[in-house]
Amino acid sequence: MPRRLISTGSPFEKAAGYSRAVIDGDFAFLAGTTGYDYATMVMPSDVTSQSRNCFKTIEAAQEGGFAMADIVRATYYLTRPEDSDALFAVAGEIFGEIRPASTLLVVAALLKPEIKVEIEVTAKRRS
């Protein structure tokens, strides 16, 4: 299967020269995803809403026979450790029994000050 580049239409993808996801064989590698609502280009102010938007964008990028249940790895980036409970509540709803291997990093900053969370995932197509 040839390598495929997936776009969700974000203006940032073309401007920064990256793909929302790259599908290579049985793997899908999804780029770090922030909480913008790409329909309105608005960034919510709270981590819960940003996290939900991250997962909405991730789900939209799951093309090529991939589903959320195929996610095997998730990396979370937060700018404030006190926001971890809000992120984990949303991740717990979304991932339920999927339970991918996950890492949480608290970083000094993300690209813009209004971005409080970024999520990247890797999926492996089930045989």
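Which strand does strand E2 (residues 21–24) pair with, and in what sense? The partner is strand E3 (residues 27–34), and the two run antiparallel, joined over four bridges. For the terms: helices (H or I, at least four residues) and strands (E, at least two) are DSSP runs, numbered from the N terminus. Two strands pair if DSSP finds at least two bridges between them.

Before I go on, a note on the model. This is a predicted model, in which local features need pLDDT of at least 70 and side-chain atom pairs count only at pLDDT 80 or more, while totals for chains, interfaces and linings use all residues. Residues are numbered from 1 along each chain as its sequence is written, and side-chain values use heavy atoms, with hydrogens and water left out.

Back to the hairpin. Two residues sit between E2 and E3, and Gly25 there has a positive phi near 65°. Asp24 has Phe27 of E3 as its bridge partner. E3 also pairs with E6, in the antiparallel sense and over six bridges. In that pairing, Phe27 stands opposite Lys124 of E6. As background, side chains in a regular strand alternate between the two faces of the sheet.

Next, helix H3. It has twelve residues, which at 1.5 Å a residue should span 16 Å, and the end C-alpha atoms are 16 Å apart, so the two agree. The expected span here is 1.5 Å times one less than the number of residues. Which residues of H3 are buried? They are Ser84, Leu87, Val90, Ala91 and Phe95. Seen down the helix axis, these buried residues fall within an arc of 135°, so they line one face of H3. That arc is taken from the directions from the helix axis to the C-beta atoms. Buried means under 20% relative accessible area, exposed means over 50%, and partly exposed lies in between (1.4 Å probe, protein chains only).

What do the buried residues of H3 pack against? They pack against H2, E4, strand E5 (101–106) and E6, where contact means heavy atoms within 4.5 Å. The face turned away from the buried side carries the exposed residues Asp85 and Glu93. After H3 comes Gly96, with a positive phi near 35°.

Glu93 brings me to the charged pairs. The structure holds six salt bridges, a salt bridge being a side-chain nitrogen of Lys or Arg within 4 Å of a carboxyl oxygen of Asp or Glu.

In one of them, Glu93 pairs with Arg52, with the closest N and O atoms 3.0 Å apart. Arg52 lies in helix H2 (residues 47–60) and Glu93 in helix H3 (residues 84–95), so this pair ties together parts 41 residues apart in sequence. Arg52 is partly exposed at 39% relative accessible area, and Glu93 is exposed at 52%.

Another salt bridge joins Asp70 and Arg126, whose closest N and O atoms are 3.3 Å apart. Asp70 is in the loop between H2 and strand E4 (71–78) and Arg126 in the segment after strand E6 (117–124), so the pair ties together parts 56 residues apart in sequence. Is Asp70 buried or exposed? Asp70 is buried, at 7% relative accessible area, whereas Arg126 is exposed, at 56%.

The last pair on my list is Arg80 with Glu82, at 3.4 Å between the closest N and O atoms. Salt bridges with shared partners join Arg80, Glu82 and Asp83 into one network.
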